Amino acid sequence: MSGSAIKPRIEKVSLSDRLADKAPLLLVPALALAGLLAIGNPSTWLTLTVAGVAMGLMVFIMASGLTVVFGLMDVINFGHGAFVSVGAFVGFSILIWLGGWASAPSVFLNLAAVLVAILVAMTVTGLMGYAFERVIVMPVYGQHLKQILVTMGGLIVAQQLIYVFWGPDAIHVARPQSLQGSILLGNAAIEKYRLVAVGIGLVLFLVMRHILRSTRIGLLVRAGVENSEMVEALGYRVKRLFLLVFMAGSALAGLGGVMWGLYQETITAHMGSDIMVLVFIVVIIGGLGSVEGCFIGALLVGLLSNYTAFLEPKVALVSTIGLMVVILMWRPQGLYPVVKAK
Amino acid sequence: MTTPLLTLEGVHTHIGPYHILQGVDLVVPEGGVSVLLGRNGAGKSTTLRTVMGLWTASRGRISFGGREITRLDTPSISRSGIAFVPENMGIFTDLTVAENMTLAASRGGMDPKRLAWIQDLFPPIGTFWNSSAGTLSGGQKQMLAVSRAIIEPRQLILIDEPTKGLAPAIIKSMTDALRQLKETETTILLVEQNFAMASSIGDTVAIMDDGHIVHAGDMAELVADVDLQERLMGLSLEAHQ
């Protein structure tokens, strides 16, 4: 073989193709710069940018699980919003239960209360994801229309259960004391909670990236997103991986629900289904199955929403849809699609 | 050579409304290369996929090493000692060559000696070890697909048309590599349409048509009998060369 070996060759990638591959990375700084030019006032711009990044990262937390679930399992889960709502309500209950910690004049106790609320909410929604996958999703693998119908049914059931346990009214959620108010950076007022949201969102992105890039389970997920059949042929039980990823995605939605509830300071049973429009836009912009694309898409959506809400409030209502249309005209598969080899 | 490693008895496979395999009887002896020939749509790939459990046999029995595997799921079949190189190669293009190989070494790390042997067999595997598999040429991807299947010792490798769409020089390299692989303890079940290539390495041959086996025997007999070639395949070996 060695004697007759063919000459190793790698297909050349043109400079324009390489630049096109990196181009989405420039979209976020480009949008921030455009925002600065349009807004004019650097302090206002900084306030809006932090708010946009915080909002984007909270949407990313909710969307990242959905995009991986779609990429790996080929499941369109319209019930994802149920985990957001349940996470928010469970988190609220824990914060009420830990009222002493949440209202204490101690940053440590306040953050501990939020952390406990997040962990409990993620555990509950993760277990709920287990039941959801086994009972609702598993019978309809490979049948997209049925998936849409049954997962929407699951969402409705979850919303009704929230009515049963927490009542039908919107509930006010008070942020822990040290997360209320703003800090001043020059003339820019930055809400403390938004900084926490940015921190959690960034840490989560880095952790997810590390898991996907540097661990065996991440390797399996990435391979499974591309060709789950071949992963099975290599001897791995993809169905177990599906379940694990579905539970992780549900837990992330629960985390997003706690964060979003504290951000909005009001929670309702249908808050999950309301935010799903933005979540789906982010997933589509990013490219189905792509965590990196989802991250960029979420930042774009967050920044654009805040800039347009300040500059032209009426346009803000359609700005994210417009962004999606423009991105899809440029890249019909989204920013970084993970192509399935089927 | 005569001990059967893989046996299919009256295997039927339905895919949706289509009845693809209509009673396949096939015996793959232990050791050497068994070739499955047939025109497009004869059911060759479906046979391999049914053995791997990627399609479930609706009737019949599949035995591997004396153990029935008809109803086992794909991971269990793979772990029992069967590797599969599908027609589309099944390369994970988003992963590097190293990551593709790591995943294939499902029982732990890669044996350095075996890896060195593979890199000698297929030099591009070493050359592009840290490159994205998506940037490899078609021939290199096929080499990676076969390398992945042999990174761990397997009793049986199912290879679906490894020369499809490849340039003659790469087909020769692939044939040489399969010939070397044949010298190991691994048994190969090769699906091919390239009769010239298949006849140069095959020990036994089965020919499929319309979802069942229409001929089975020694490759040497088929090569020597031009009339039989023309009757079974419509063309003789000379016409393939």
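This is a predicted model: local features need pLDDT of at least 70, side-chain atom pairs count only at pLDDT 80 or more; totals for chains, interfaces and linings use all residues.
Reader: How do you know that the two domains of chain B are in contact, and what area is buried between them?

Author: Contact requires heavy atoms within 4.5 Å, and twelve residues of domain 1 of chain B are in contact with 14 residues of domain 2 of chain B. The area buried between the two domains is about 1,100 Å², with 68% of it given by carbon and sulfur atoms. Of the area that domain 1 of chain B buries against domain 2 of chain B, B:Arg154, B:Met174 and B:Leu181 supply 40%, more than any other three residues. As for the division itself, domain 1 of chain B comprises 4–81 + 154–240 and domain 2 comprises 91–152, and their C-alpha centres lie 24 Å apart.

Reader: Why is the pair of B:Arg39 and B:Asp209 called a salt bridge?

Author: The term asks for a side-chain nitrogen of Lys or Arg within 4 Å of a carboxyl oxygen of Asp or Glu, and the side chains of B:Arg39 and B:Asp209 meet at 2.8 Å, N to O, so the pair qualifies. The pair links distant parts of the chain, with B:Arg39 in the loop between β3 and α1 of chain B and B:Asp209 in strand β9 (residues 204–209), 170 residues apart. B:Arg39 is partly exposed at a relative accessible area of 42%, and B:Asp209 likewise counts as partly exposed, at 27%.

Reader: What makes B:Asn40 exposed rather than partly exposed?

Author: Exposed means over 50% relative accessible area, and B:Asn40 has 57%, so B:Asn40 is exposed. B:Asn40 is found in the loop between β3 (33–38) and α1 (44–51) of chain B, and its side chain makes a polar contact with the side chain of B:Gln193 at 2.4 Å.

Reader: Why is A:Asn306 called buried?

Author: Buried means under 20% relative accessible area, and A:Asn306, at 12%, therefore counts as buried. A:Asn306 has its place in helix α11 (residues 291–311) of chain A, and, residues up to four places away in sequence not being counted, A:Asn306 touches A:Leu48, A:Ala51, A:Gly52 and A:Met55.

Reader: How do you know that A:Glu191 and A:Arg175 form a salt bridge, and what parts does the pair tie together?

Author: The limit is 4 Å, and the side chains of A:Glu191 and A:Arg175 meet at 2.8 Å, N to O. A:Glu191 lies in strand β3 (residues 188–191) of chain A and A:Arg175 in the loop between β1 (171–172) and β2 (182–185), so the pair ties together parts that are 16 residues apart in sequence. A:Arg175 is buried, with a relative accessible area of 7%, whereas A:Glu191 counts as partly exposed at 24%. Both belong to a network of salt bridges that links A:Arg175, A:Glu191, A:Arg194 and A:Glu265.

Reader: What makes the contact of A:Arg222 with B:Asp94 a salt bridge, and how many does the rule find across the interface of chain B and chain A?

Author: The side chains of A:Arg222 and B:Asp94 meet at 4.0 Å, N to O, and the pair is counted under a rule that asks for a distance within 4 Å. Across the interface of chain B and chain A the rule finds four salt bridges, together with twelve residue pairs in polar contact, both residues at pLDDT 80 or more. To the side of chain B that touches chain A, α7(B) gives the most, with seven residues, and by class that side has 20 nonpolar, 14 polar and ten charged residues. In all, 44 residues of chain B are in contact with 26 residues of chain A.

Key: Residues are numbered from 1 along each chain as its sequence is written. Chains are lettered from A and ligands numbered from 1 in the order in which they are written. Side-chain values use heavy atoms; hydrogens and water are left out. Helices (H or I, at least four residues) and strands (E, at least two) are DSSP runs, numbered from the N terminus. Buried means under 20% relative accessible area, exposed over 50%, partly exposed in between (1.4 Å probe, protein chains only). A polar contact is a pair of N or O atoms within 3.5 Å; within protein, one must be able to donate a hydrogen and the other to accept it, and residues adjacent in sequence count only if both atoms are side-chain atoms. Ala, Val, Leu, Ile, Met, Phe, Trp, Tyr, Cys and Pro count as nonpolar, Asp, Glu, Lys and Arg as charged, and the others, Gly among them, as polar. Domain bounds come from an automatic or database domain assignment. Buried area is the accessible area (1.4 Å probe) that two parts lose on being put together, summed over both.
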